[in-house]
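Hello,

Here is the structure we spoke about, with its sequence. Please open it first and then read the notes below beside it.

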Amino acid sequence: MPLALALALSACGGGSGSDGKIHLTMTWWGSDTRHATTKKLIALYEKSHPNIVISPTYTGWDDYWDRLATTVAGGNTPDIIQQDFRYVHEYADRGALADLKRFIPSVINDSELDKSAMSTGRLDGRTYAIPTGVNAFALVVNPTLVKQAGVPLPDDKTWSWDDFVNTAAKITQATKGAVHGTEDMGYYDGGLQVFARQHGEDLFTPDGKPGMSVQTLTEWFNLIVKMRDTKAEPSASVTHETWSGGIDQSLLATNKGASSFWWTNQLSALSADSKASLELRRMPGESQAAKPGTFLKPAMFWSLSARSKHPEEAAQFVNFLINDPEAARLQLSDRGLPINTRLRDQITGQLSPADKKSATFVKEITPELAPPPALPPKGAGDVEKILSRINEEVLFNRVSVPKAVQEYIDQVKSATS
């Protein structure tokens, strides 16, 4: 059955069935691997809790939010919801999410959970979401292609954005375009957020207003133009084509690019696609910034329905997902490195070589990082779409940098007002 159709089970909130058992519903997005793993988690929990039945619905990312919005609007919010950083505020504002504070620590044990990451699920004194795990935005490098180009990489503890762009351009030049030094980073808001934080700003202010100044946005789009014009990255048409193909068609995945910016939990997929021993490097510009731009971001969250008929039982299942050693062994890093720091250390030896690199990298950079940003406002889910459209207009020279800056400010303000 296609992922878009998901599983033909009801997504409405659970209750007590005629069998005398407590019925809960659960929804998530992800790959086939995540679907299979999560169903194993449900089966494991039901085995030790014979009075609980959990009915799942799942789909891919593209269909998930339309489906969830429809379900919530119809009053059938699932008991257990996989949530994203961009959407927690929106669903909390709708009154769809329960305040989990009343279950902490009596039902959900938070004694070993990453305190910094836990803060990201809080809003107005309430806890609407608990992170499943963490990751960081970083540069993924193919060291074999870099070595073949004969261009040394600067020290990632001290390099600037100019150092990075100039190095990437030299790689393209040295290989006569057979391998590009990097890929365009303007389609994602991950790089933009790190860049903004390095400039003492953020995508949003603490009170939910657009947080980037004209000056910082101008520097950002000028950086994108420089990467294109120096051939550090490919032409606009090639960039569009590879972007449209997704992660498995990226230049890094197809061994046509020496580096690219991704989240650390994507290293495994990129390594598998490229069949290369890829490595992680710190973001450029960190040592020149007044404050670090990189932070540990929740890979995703667990939330509970405010309308659940069995909120305590749903909270008990979330506690199992984040604190149980067997659950951690099954999930490994699929939903980010575990939010439970003890389990994070315990599973490292069971990870794939690529995921071990991610775990080691995250552990190494964590002391250097600034706290994560607060939850973004309602409408933040549209920001990456806005950025993607404007970035492409810039790449194809359809808009000037000043116009791109103003369009971004105006459209983000409209989306979040």
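**Notes on the structure**

The place of L332 is the loop between α12 (325-331) and β14. L332 is not a glycine, yet its phi is positive, at about 50°. As background, most residues other than glycine have a negative phi, and most peptide bonds are trans. Keep in mind throughout that this is a predicted model.

N255 is a further case of a positive phi in a residue that is not a glycine, here about 60°. N255 sits in the loop between α9 (236-244) and β10 (259-263). Its relative accessibility is 31%, so N255 counts as partly exposed.

The peptide bond between I104 and P105 is cis, with omega at about 5°. P105 belongs to the loop between α3 (88-93) and α4 (115-118).

**The chain as a whole**

The protein chain contains 16 helices and 14 strands. How does the radius of gyration fit a chain of 417 residues? A compact globule with 417 residues would have a radius of gyration near 22 Å, and the protein chain has 22 Å, so the two agree. Along the principal axes, the C-alpha atoms fill a box of roughly 70 × 45 × 40 Å.

Of the 417 residues, 55% count as buried. The chain exposes about 17500 Å², and carbon and sulfur atoms supply 51% of that area. If you take the contacts between residues at least 6 apart in sequence, 75% of them join residues at least 24 apart. The chain has 43 positive and 48 negative charges, and the mean positions of the two sets are 2 Å apart.

**Strands**

Start with β2 (residues 22-29) and β3, which run parallel and are joined by eight bridges. To find the pairing on screen, look for I22, which stands opposite I52 in β3. Another pair to look for is T25 with its bridge partner S55 in β3. Are these strands covered or left open? β2 is mostly covered, with seven of its eight residues buried. β3 (residues 52-59) is mostly covered as well, with six of its eight residues buried.

In general, strands of a sheet pair through backbone hydrogen bonds, either parallel or antiparallel. For antiparallel pairing, turn to the open sheet of three strands, whose order is β12-β8-β14. In this sheet β12 (297-298) and β14 (337-338) stand at the edges; each has a single partner strand, so one side of each is left without a neighbour in the sheet. Strand β8 (residues 133-135) is joined to β14 by two bridges, and these two strands run antiparallel. V134 stands opposite L337 in β14.

**Two buried residues**

N323 lies in helix α11 (residues 311-323). Is N323 buried or exposed? It is buried, because its relative accessible area is 13% and buried means under 20%. Which residues does N323 touch, leaving aside its neighbours within four places in sequence? N323 is in contact with N109, L113, N340, R342 and L343. One of these contacts, L113, is 210 residues away from N323 along the chain. The C-alpha atoms of N323 and L113 are separated by 8.5 Å.

D202 lies in a loop, the one between α7 (189-198) and α8 (214-229). D202 is buried too, with a relative accessible area of 12%. Not counting residues up to four places away in sequence, D202 touches Q193, A196, R197, G211, M212 and P373.

Where to begin is up to you. One way is to show L332 and N255, which have a positive phi, and then go on to the cis bond between I104 and P105. After that, show β2 and β3 with their eight bridges, then the open sheet β12-β8-β14.

Regards

Methods. Residues numbered from 1 in each chain as written. Predicted model: local features only at pLDDT ≥ 70, side-chain atom pairs only at ≥ 80, totals over all residues. Heavy atoms only, no water. Pairing = 2+ DSSP bridges. Helix = DSSP H or I, 4+ residues; strand = E, 2+ residues; numbered from the N terminus. Rg over C-alpha atoms; globule rule 2.2 N^0.38 Å. Buried < 20%, exposed > 50% of the residue type's maximum accessible area, 1.4 Å probe, protein only. Contact = heavy atoms within 4.5 Å. Areas by Shrake-Rupley, 256 points an atom, 1.4 Å probe, with all protein chains shown as cover. Lys, Arg positive; Asp, Glu negative; His and termini not counted. Charge placed at Lys NZ, Arg CZ, Asp CG, Glu CD.
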